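Okay, thanks everyone, let's get started. Could you bring the model up on the screen, please?

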Amino acid sequence: LFVPADLTENPMISGGVTNDLVPATGQGGNPRGDAPDIGSFEADQAATSVRPVEESGLKMSFYPNPTADVMIIENNDASITRFQVIVADQAGRILAGKQFTGTNSRLDLTGVPSGIYNLQLLINGNVYSKQIVKQ
């Protein structure tokens, strides 16, 4: 998931038209407004900044870090019922992604080469980051 600092940089954002055939909300439930996005999803304008998980107050743990093959994502935050995780390398290339529910999730990094990676987490319409090391 790539979220630019300013969503208006993307030509798909607010590039659509309104008429009787355009629903009031996108598939994710975000309102369309007067200048809808092109496509079935409407961008969440609140998700324009990325904060580190450590500074978020979320009750989540990621271990082991460094990891060999599988990282456990422990969710002890009652406000989080579902979240998405994207694994990106230092150049920003997306290597893996998965949606999770529950309190203990397994992120399989078996096919990912050794290195430093950024996890981007989409949680309740907000984007968070976590740096991990794959040995």
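I'll go through the strands and sheets, then the core, then a few spots in the loops.

Quick housekeeping: this is a predicted model, where local features need pLDDT of at least 70 and side-chain atom pairs count only at pLDDT 80 or more, while totals for chains, interfaces and linings use all residues. Residues are numbered from 1 along each chain as its sequence is written, and side-chain values use heavy atoms, with hydrogens and water left out.

So, what's in the chain? It has eight strands and zero helices. Those are DSSP runs numbered from the N terminus: E, at least two residues, for a strand, and H or I, at least four, for a helix. Reading along the sequence you get β-β-β-β-β-β-β-β.

How do the strands pair up? By pairing I mean that DSSP finds at least two bridges between two strands. Five of the strands make an open sheet in the order 1-8-7-4-5, with mixed pairing. On its edges sit strand 1 (50-52) and strand 5 (94-101), each pairing on one side only. Neighbours in this sheet are turned by 30 degrees against each other on average, direction ignored. For that, axes are lines fitted to C-alpha atoms, for helices over the stretch in contact, and angles run from 0 to 180 degrees between N-to-C directions. Look at strands 4 and 5: they run antiparallel, with seven bridges joining them. Arg82, for instance, has Thr101 in strand 5 as its bridge partner.

Then there's an open sheet of three strands, order 2-3-6, paired antiparallel. Strand 2 and strand 6 (104-108) are the edges here, each with pairing on one side only. Twist from one strand to the next averages 20 degrees. Strands 2 and 3 are antiparallel and share four bridges, and Met60 stands opposite Asn75 in strand 3.

Now the inside. Of the 135 residues in the chain, 31% are buried, where buried means under 20% relative accessible area, exposed is over 50%, and partly exposed is in between, with a 1.4 Å probe and protein chains only. As a general point, nonpolar side chains in soluble globular proteins tend to be buried together. A nonpolar core, for us, is a set of buried Ala, Val, Leu, Ile, Met, Phe, Trp, Tyr and Cys residues joined through side-chain atoms within 4.5 Å. The largest one has 20 residues, and Met60, Phe83, Leu107, Leu119 and Leu121 have the most contacts inside it. Strands 2, 3, 4, 7 and 8 each give two or more residues to this core, and strand 7 gives the most, with four.

Which residues does Leu119 touch, leaving aside neighbours within four places in sequence? A contact means heavy atoms within 4.5 Å. The partners of Leu119 include Phe62, Met71, Val85, Leu107, Tyr128 and Ile132. Across the chain, 48% of contacts between residues at least 6 apart in sequence join residues at least 24 apart.

Last, the loops. Where are the cis peptide bonds I wanted to show you? One joins Tyr63 and Pro64, with omega about -10 degrees, and Pro64 is in the loop between strand 2 (60-63) and strand 3 (70-75). The bond from Asn65 to Pro66 is also cis, omega near 15 degrees, and Pro66 lies in the loop between strands 2 and 3. Finally, Asn124 isn't a glycine, yet has a positive phi of about 50 degrees; find Asn124 in the loop between strand 7 (115-123) and strand 8 (126-134).
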